[in-house]
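Trainee: Before I use these labels in my notes, I would like to know what each one rests on. Can we go through them one by one?

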Amino acid sequence: MKKKQPYMNFGAAGLFGFFGLLFFIVLFRFFSIQITGEVGSQPLAAKAQQKYSRIGTMDAVRGVIYDQKGEVISEDTTAYTLIAILDKKMTTNSKKPNHVTDPQKTASELAKYINLEESEIYSILTKDQFQVEFGKAGRDISHQTKKEIEALKLPGITFKRDSKRFYPNGIFASHLVGYADRIDEKDGSYNYIGKMGIEQLLNDELTGKDGEIKYESDLWGYLLPDGKQKVSPAQNGNDVYLTIDKKIQTFLEDAMNKVVDEYKPKKIIAIVADPKTGNILAMGQRPSFHPKTKEGIDNSWHNEAIEISFEPGSTMKIFTLAAAIEENKFDPNEPFQSGSYRVTSKDKAIHDHNGYGWGTISYLEGVQRSSNVAFAKLANEKLGFEKFREYLTKFGFDAPTGIDLPLETSGKIQYNWPIEKATTAYGQGTAITPIQQIQAATAIANNGKMMKPQVIDKIVNHDTGEVIRDVTPEVVSSPISAKTAKEVLDILETVVSNEETGTGNRYQIDGYSVAGKTGTASIPDPKGGYLDGQKDYIFSFLGMAPKDDPKLIVYVAVQQPEIDHYSKGSIPVSMLFNPVMKNSLQYLNIQPSQQAKASTTKLADFMNQNVTETVQKLEEQGLDVVVLGNGAKVTGQLPEASTNVLEGEKIIIQTDGDLIAPNMTGWSLRDVMKVAKISGVKLNSTGSGYVVTQNIKEGAVLRKGDFLIVDLKTPEEKLKLEAETIKAEENSVLSDEEQASEKNKIGS
């Protein structure tokens with residue numbers, strides 16, 4: 001037997017010692033961990049929880065925007081994002097591919113459903129990526145479109161559940177409501193940020209806070225059967241109720257669309273308000289935009305009703321009148337010389353809108369005719385410019401209203417020189433916003449109390465229904481007394497109802513008394529002075545109804561409509577004001593005023609009766625009799641016997657002998673047609689309104705088969721025609737200074 005080497009025993013002993021030491025180290029480590037529960041100063045339990053715990057996000061819903069009656073205006077709704085899987089590794093069964101196998105076919109099919117060209121889609125589908133999305137065109141896919149795409153069974157095409165901001169009414173108070181843009185974060189999450197209107201102003205209120213769920217899972221992330229869960233629910237955004245009434249806003253949107261289609265104005269601004277509360281019931285403008293697609297927003301960034309000030313024109317006269325009445329400086333029967341007026345000997349003359357005025361008239365008629373001279377004299381000679389300036393502040397024209405909308409601007413009152421002070425009295429030079437006019441008008445329509453305009457009714461917790469903020473009506477001030485307010489309304493009603501002198505005849509509404517004031521404001525020329533084209537004005541009307549207790553204020557302004565003469569500017573404005581005011585009053589169940597019914601008479605048969613006796617009987621019944629012919633016996637009549645006729649209606653009586661043409665100036669076309677029918681002449685008419693010329697002169701014989709041609713004009717058109725005729729005659733003697741001042745005049 002060989003003898004072992006001494007160094008081998010030494011080596012064995014060393015190994016034994018090493019492993020023994022290692023064992024004791026491990027044993028010490030084991031007991032140390034057992035006792036302390038830590039490794040490297042890190043608790044093992046926390047490490048295990050971190051490894052096997054999962055956190056999921058619970059998305060918060062952005063608050064809903066409602067109208068005052070709970071109709072949805074803006075809300076979050078389910079949408080889908082289109083995704084394409086491109087990685088071949090995702091397919092394990094060639095018969096059931098999970099990736100895009102035919103990019104060309106897939107692109108061709110998808111192009112039918114999303115707003116991308118087939119070539120663009122193909123380019124996306126041929127990228128060297130695991131999966132791709134399709135940008136904005138692939139987002140906000142509706143459930144219906146998703147189902148249609150899924151029915152194509154395109155390999156590799158799938159969807160991710162998403163949400164979008166939905167505006168069910170489309171273009172609907174768009175600048176007031178605003179819109180919310182989606183902002184994508186780097187971690188793949190997203191949120192919506194309000195960019196205009198209520199969406200911007202109340203973005204923090206509308207934006208919720210995401211919740212989370214924590215749970216225990218296995219190594220692969222699956223929920224353990226007995227695992228602990230901790231849920232922190234999402235805090236959804238608060239809901240906002242507006243003062244807007246969806247029905248009234250719809251009336252307004254429809255009316256604006258009709259005016260745009262027919263007259264193509266550069267701008268429309270319109271507001272409907274409740275004068276008792278200051279609540280804005282409708283607000284709109286053209287051009288506008290669609291809050292979802294943003295179509296049209298490049299042409300219409302600003303809320304014109306609150307962000308832009310401009311010269312109001314003669315609607316400003318409402319408040320000059322109110323100030324004069326409040327200070328007992330307005331005598332409706334006091335005469336003054338209309339036409340032109342110099343504030344100082346150094347200033348250019350101020351002219352009435354027709355250039356020459358109406359001679360000596362009363363101040364009441366000056367209001368009805370919208371005389372610039374009357375209001376300049378009221379501000380200068382009756383009130384005094386300093387006192388008038390106090391009322392501009394009392395009516396809120398030099399400060400923002402504080403309406404709960406972003407970016408409100410204030411008026412710009414030009415009040416340095418005497419001529420500026422005088423022109424401010426009738427709405428030239430000084431610029432104010434439409435919402436300032438609405439606020440000031442509440443004092444007229446609300447017994448002297450001026451109400452702050454408001455568009456927010458209340459803010460409510462989305463989850464609990466608790467009212468977080470309840471907005472109540474706010475009286476800003478009382479610039480005038482209730483007595484003054486009533487007197488102003490009575491006078492403004494005559495502006496609309498007086499057929500001879502009122503400039504607001506076109507704004508009459510059947511069954512309701514309207515108090516209001518027209519406005520025709522000049523538009524400043526960037527090169528200096530004012531634009532002087534026939535359509536280069538802002539035509540407006542500020543009206544309140546019913547006059548005795550106004551329930552609504554409606555302001556409408558139409559800029560540069562396609563018309564051939566400025567006298568027709570009231571047509572598109574009335575196309576807005578009249579239907580919106582009437583439909584809104586009826587919708588609110590405001591009963592029409594009791595109208596005295598015109599008496600009716602059943603017409604007797606006067607054939608072969610004595611003409612003189614027939615005329616006497618008809619006139620006793622309150623009828624207007626026109627006799628054609630010089631015979632003694634009635635041979636024809638229109639209307640025919642047994643027809644119900646209204647008091648004051650024209651009755652045409654035919655006698656034997658030659659039929660002599662009457663003077664038909666001022667007749668309606670209906671009455672002219674009676675003459676044509678009974679005499680057998682052929683009628684041609686031009687224009688609308690009432691007869692101003694006839695080709696067959698008064699006293700000439702009406703012969704059967706001859707042509708009777710009549711030209712008709714509205715009272716407003718007739719007035720302008722007369723004014724232009726006189727103006728042309730007087731132009732030859734006008735001084736150069738007076739002719740120059742014509743360019744600076746403002747219409748009624």
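**What the labels rest on**

Mentor: The structure holds 14 aromatic pairs. Keep in mind that this is a predicted model.

Trainee: Why is the pair of Phe251 and Tyr587 called edge-to-face?

Mentor: The ring centres of Phe251 and Tyr587 are 6.3 Å apart and the planes stand at 80°. Centres within 6.5 Å make a pair, and planes over 60 degrees apart make it edge-to-face. Both conditions hold, so the pair is edge-to-face. This pair links distant parts of the chain, with Phe251 in helix 9 (residues 246-263) and Tyr587 in helix 18 (residues 570-587), 336 residues apart.

Trainee: Why does Tyr587 count as partly exposed?

Mentor: The relative accessibility of Tyr587 is 25%. Buried requires under 20% and exposed over 50%, so Tyr587 counts as partly exposed.

Trainee: What makes the pair of Tyr537 and Phe539 tilted?

Mentor: The centres of the Tyr537 and Phe539 rings are 5.8 Å apart, and their planes meet at 50°. Stacked needs under 30 degrees and edge-to-face over 60, so this pair is tilted.

Trainee: Are Tyr537 and Phe539 buried or exposed?

Mentor: Tyr537 has a relative accessible area of 12% and is buried. Phe539 is buried too, at 2%. The cut-off for buried is under 20%.

Trainee: Which residues form an aromatic cluster?

Mentor: Phe319, Phe395 and Phe397 form one.

Trainee: How do you know that Lys458 lies over the face of Tyr241?

Mentor: Lys458 is at 4.8 Å from the ring centre of Tyr241. The limit is 6 Å, together with an angle within 35 degrees of the ring normal. Lys458 is listed as lying over the face.

Trainee: Which way do the residues of strand 12 point?

Mentor: In strand 12 (residues 239-242), Asp239 and Tyr241 point one way, while Val240 and Leu242 point the other way. All of them are buried. In a regular strand the side chains alternate between the two faces of the sheet.

Trainee: What makes strand 4 and strand 12 a pair?

Mentor: Strand 4 (residues 65-66) and strand 12 share 2 bridges, in the parallel sense. The requirement is at least two bridges, so the two strands pair. Tyr66 stands opposite Tyr241 there.

Trainee: How many bridges join strand 12 to strand 20?

Mentor: Strand 12 and strand 20 (residues 456-460) are joined by 4 bridges and run antiparallel. Leu242 has Ile456 in strand 20 as its bridge partner.

Trainee: What is the phi of Ala173, and why is Ala173 called buried?

Mentor: Ala173 has a positive phi of about 45° although it is not a glycine. Its relative accessible area is 2%, against a cut-off of under 20%, so Ala173 is buried. Ala173 lies in the loop between strand 7 (157-166) and helix 6 (174-177). Ser370 also has a positive phi, near 60°, in a residue other than glycine. Ser370 is buried, with a relative accessible area of 0%.

Trainee: Where is Pro546, and what joins it to Ala545?

Mentor: Pro546 lies in the loop between strand 24 (537-545) and strand 25 (552-559). A cis peptide bond joins Ala545 and Pro546, with omega about -15°. The peptide bond from Leu638 to Pro639 is cis as well, with omega near 0°.

Trainee: How many cavities of 30 Å³ or more are there?

Mentor: The structure holds 4 of them. The largest cavity has about 60 Å³ of space. Of the 13 residues that line it, the closest to its centre are His175, Met283, Gly284, Gln285 and Asn303. Strand 14 gives the most to that lining, with 4 residues.

Terms used. Residues numbered from 1 in each chain as written. Predicted model: local features only at pLDDT ≥ 70, side-chain atom pairs only at ≥ 80, totals over all residues. Heavy atoms only, no water. Buried < 20%, exposed > 50% of the residue type's maximum accessible area, 1.4 Å probe, protein only. Phe/Tyr/Trp six-rings, centres within 6.5 Å; stacked < 30°, edge-to-face > 60°. 1 Å grid on protein atoms, 1.4 Å probe; cavity = no way out; pocket = protein on both sides within 12 Å on 5 of 7 lines; lining within 4 Å. Points joined across faces, edges and corners; volume = space filled by probe spheres on them.
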